[in-house]
Every structure is written in structure tokens, then in C-alpha cells.
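This report is meant for someone meeting the structure for the first time. Please keep the sequence and the model in view while reading.

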Amino acid sequence: MSTKDYLNKIIQGDCLDVLKNFENGSVDLVVTSPPYDNLRAYNGYKFNFEGIVKELFRVIRKGGIVVWVIGDATIDGSETGTSFQQALFFKEAGFNLHDTMIFKKRNPIPQVYRKRYTNEFEYMFVFSKELTKVHNPIMVDCLHAGLQLNGTTYKNYSKDIQTRKKMAKPVKDKKIKGNVWEYVVGKNKEDQPAKEHPAPFPIKLVEDHILSWTNKSDVVLDPMCGSGTTCVGAKKLDRNYIGIDISKEYCDLAKKRIKEIPADLFSSKVI
Ligand SMILES: C[S@@+](CC[C@H](N)C(=O)[O-])C[C@H]1O[C@@H](n2cnc3c(N)ncnc32)[C@H](O)[C@@H]1O
């Protein structure tokens with residue numbers, strides 16, 4: 001077996017076993033969300049975190065990206081810190097911590113008040129194997145478009161140099177989007193087919209990462225694909241997908257979603 005045998009398929013199994021059959025450097029992008037802190041009882045839960053990270057490092061190509069979406073449970077008044085521990089292990093395994101991004105939920109689940117603010121985000125740790133090769137930045141409108149602004153100081157930490165530069169004059173119309181991404185969770189029409197899974201990604205989150213870190217025909221993997229959102233996004237955007245989940249029920253759901261992708265699901269431009 002090789003990675004090619006799994007292209008554009010949903011595979012039922014423990015991802016650690018399935019990944020053993022992949023060639024070194026054969027995947028361009030991973031977008032995934034692992035089970036964490038026993039927050040939810042998924043069918044057939046079994047999770048060897050360190051083993052999976054080492055396999056991901058082997059199968060991702062140089063310059064490729066892993067997007068790891070995770071939060072922390074609060075137990076006896078203290079957040080577990082699982083997210084940070086996992087991020088540091090990725091670095092130990094050889095990955096760069098390319099960016100710590102935030103998935104902000106526009107409609108967070110209401111919580112019991114425990115003398116703290118409502119939790120409304122998860123981390124999206126973006127790891128790269130060596131330096132990132134592909135970045136197709138999403139652009140947004142500049143708040144101060146057309147205005148004359150003063151200079152600002154930049155520090156290049158890699159070279160330990162500090163410079164004071166003028167900002168664009170006048171400010172341009174568009175700029176690169178920030179690293180806090182906000183989505184409505186579970187309510188949008190295009191996310192309804194995933195409802196039988198307890199924790200699906202918003203499809204737009206997946207779409208934004210796929211557009212950012214890959215080009216057409218690249219290989220996008222979700223080793224714990226649940227309802228198959230990453231694979232649906234990859235297929236719609238003309239990338240190759242591979243989805244793995246330990247649960248037959250979730251694999252069946254993912255296959256059904258992929259089969260039923262409506263032609264008008266996305267409005268984004270395919271790169
Ligand atoms: C947070 S959910 C992923 C949801 C997914 N992002 C979506 O959009 O539906 C985590 C998934 O990991 C799966 N899982 C747990 N252990 C696994 C393993 N060892 N190998 C493959 N899948 C596993 C669970 O069945 C569950 O569906």
C-alpha cells in the first residue's frame with residue numbers, strides 16, 4: 001500500500017496504523033482536531049498522541065503544514081493545559097510552530113458561570129515541517145484605507161535587528177487577514193449535514209486553511225476526520241483528500257457528505 005492507494009477515500013481505522021502505509025513526505029496539508037481531555041465520548045475512542053505526531057512529521061512533505069485545532073477542559077477550577085503541552089511536543093518532534101491562530105466562536109455554547117469569562121475560542125496551532133512553502137494569504141479591507149499614517153518600529157528577531165519604517169502612504173485598500181478567525185458554529189446551512197457528529201468543524205474554517213496552505217491537486221489529510229469536513233472542503237476546492245476515522249459510523253457519515261456535496265456549497269474562488 002502507498003499514499004496513492006488512499007487518495008480521495010475515507011478509511012476506517014486507527015490513524016496510527018493507517019499512516020504506517022504512507023510514504024515519507026507524501027502529504028501537503030493536515031487539518032485536524034483530535035479528541036482531547038475526554039470532553040466527548042466518540043465511538044471507539046483510542047488516541048496515541050505522541051505516536052500520531054511522529055507519524056505526521058514523517059508523512060508531511062518539507063514545507064508542508066499541520067493545522068491542529070484544540071482547546072482545554074477545565075477540571076477542579078484549572079485549565080488542563082493540554083493544548084500547550086501538545087504544541088510543545090510538536091516542536092520536540094521537529095515541527096516549527098509556524099503560527100498560533102485562534103478559532104473564535106461567534107456563538108459560543110452558554111456556560112455555567114464560574115467566576116470567569118465565557119470561553120469562546122480554540123487554538124489552531126499551525127505547524128510547518130521546515131519553512132512553509134505555500135501561503136496564499138486571505139486579504140481583508142484596511143480600516144484606514146487612504147489615510148496617511150506615521151512610521152512604526154519593526155524588530156527582526158531572527159537577525160536581532162530593529163528598524164523604524166514608514167507605513168504605506170496612503171494606506172492600501174487591502175491587507176493580510178489577522179490570525180484570529182471567527183465562525184458561526186453549527187448554525188449555517190452548509191454545516192447541517194455534519195450534525196450527526198458531536199464536534200464538526202465549520203466548513204468555512206477548513207476552506208480558509210486549505211486555500212491558505214495548498215494549491216490545486218495537493219494532498220489534504222485529516223487523520224481523525226469525524227464527519228469528513230476537511231475532506232468535503234478539499235474536494236470542493238479541487239484538492240485530493242484522505243480521511244481516516246476510527247468509527248465506522250463517522251466514516252459512513254463522511255462518505256455520505258462527500259457524495260452529496262451540492263455544487264453551490266462554496267462561493268470562494270478556487271486557486
Ligand atoms: C474532534 S473529532 C473530529 C471532528 C471533525 N473535525 C469533523 O469536522 O467532523 C475527533 C475524531 O477523532 C476520531 N478518533 C479518535 N481516535 C482516533 C484514532 N486513533 N484514529 C482515527 N480517528 C480517531 C473520533 O472518532 C472523532 O470522530
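This is a predicted model: local features need pLDDT of at least 70, side-chain atom pairs count only at pLDDT 80 or more; totals for chains, interfaces and linings use all residues.

Helix α6 spans residues 229–236 and is mostly covered, since seven of its eight residues are buried. Those buried residues are Thr229, Thr230, Cys231, Val232, Gly233, Ala234 and Lys236.

**Two helix neighbours**

Two packed helices are described by the angle between their axes and the distance between the axes.

| Helix pair | Distance between axes | Crossing angle |
|---|---|---|
| α6 and α7 | within 9 Å | roughly 20 degrees |
| α5 and α6 | within 9 Å | roughly 55 degrees |

Angles under 35 degrees count as roughly parallel, and α6 and α7 are therefore roughly parallel to each other. The crossing of α6 and α7 is right-handed. In the contact of α6 with α7, the residues divide into four nonpolar, no polar and two charged. On the α6 side, Cys231, Val232 and Lys235 take part, and they meet Ala254, Arg257 and Ile258 in α7.

How are α5 and α6 set relative to each other? With their axes crossing at roughly 55 degrees, α5 and α6 are oblique to each other, and their crossing is right-handed. The contact is made by Ile203, Val206, Glu207 and Ile210 of α5, together with Thr229, Thr230, Val232, Gly233 and Ala234 of α6. By class, the residues of the contact of α5 with α6 divide into five nonpolar, three polar and one charged.

Helix α5 is itself mostly covered, with ten of its eleven residues buried. Among the buried residues of α5 are Leu205, Asp208, His209, Leu211 and Trp213. The buried residues of α5 pack against α6 and against the strands β2, β3 (60–70), β6 (96–105), β12 (180–183) and β13.

**Around the ligand**

There are 25 residues around the ligand, and of these Pro200, Met224, Gly226, Ser227 and Thr229 come nearest. Thr229 is also one of the buried residues of α6. The shell around the ligand has 15 nonpolar, seven polar and three charged residues.

**Loop residues**

The loop between β9 (152–156) and β10 (161–165) holds Ser158, and Asp160 lies in the loop between β9 and β10 as well. Is Ser158 buried or exposed? Ser158 counts as exposed because it has 6 C-beta neighbours inside 10 Å. Asp160, with 7 C-beta neighbours inside 10 Å, also counts as exposed, and it has a positive phi of about 55 degrees although it is not a glycine. Between Ser158 and Lys169 there is a separation of eleven residues in sequence and of 27 Å in space, taken from C-alpha to C-alpha.

Asn8, which is not a glycine either, has a positive phi of about 60 degrees, and its place is in the loop between α1 (3–6) and β1. Asn8 is partly exposed, because 14 other C-beta atoms lie within 10 Å.

Key:
Residues are numbered from 1 along each chain as its sequence is written. A residue is near a molecule or strand if its C-beta atom, placed from the backbone, lies within 6 Å of it. Ala, Val, Leu, Ile, Met, Phe, Trp, Tyr, Cys and Pro count as nonpolar, Asp, Glu, Lys and Arg as charged, and the others, Gly among them, as polar. A residue is buried if 20 or more other C-beta atoms lie within 10 Å of its own, exposed if 12 or fewer, and partly exposed in between; C-beta atoms are placed from the backbone. Helices (H or I, at least four residues) and strands (E, at least two) are DSSP runs, numbered from the N terminus. Axes are lines fitted to C-alpha atoms, for helices over the stretch in contact, and angles run from 0 to 180 degrees between N-to-C directions. Angles under 35 degrees count as roughly parallel, over 145 as roughly antiparallel, 65 to 115 as roughly perpendicular and the rest as oblique. A crossing is left-handed if the near helix is turned anticlockwise from the far one by less than a right angle, and right-handed if clockwise. Two residues are in contact if their C-beta atoms, placed from the backbone, lie within 7 Å.
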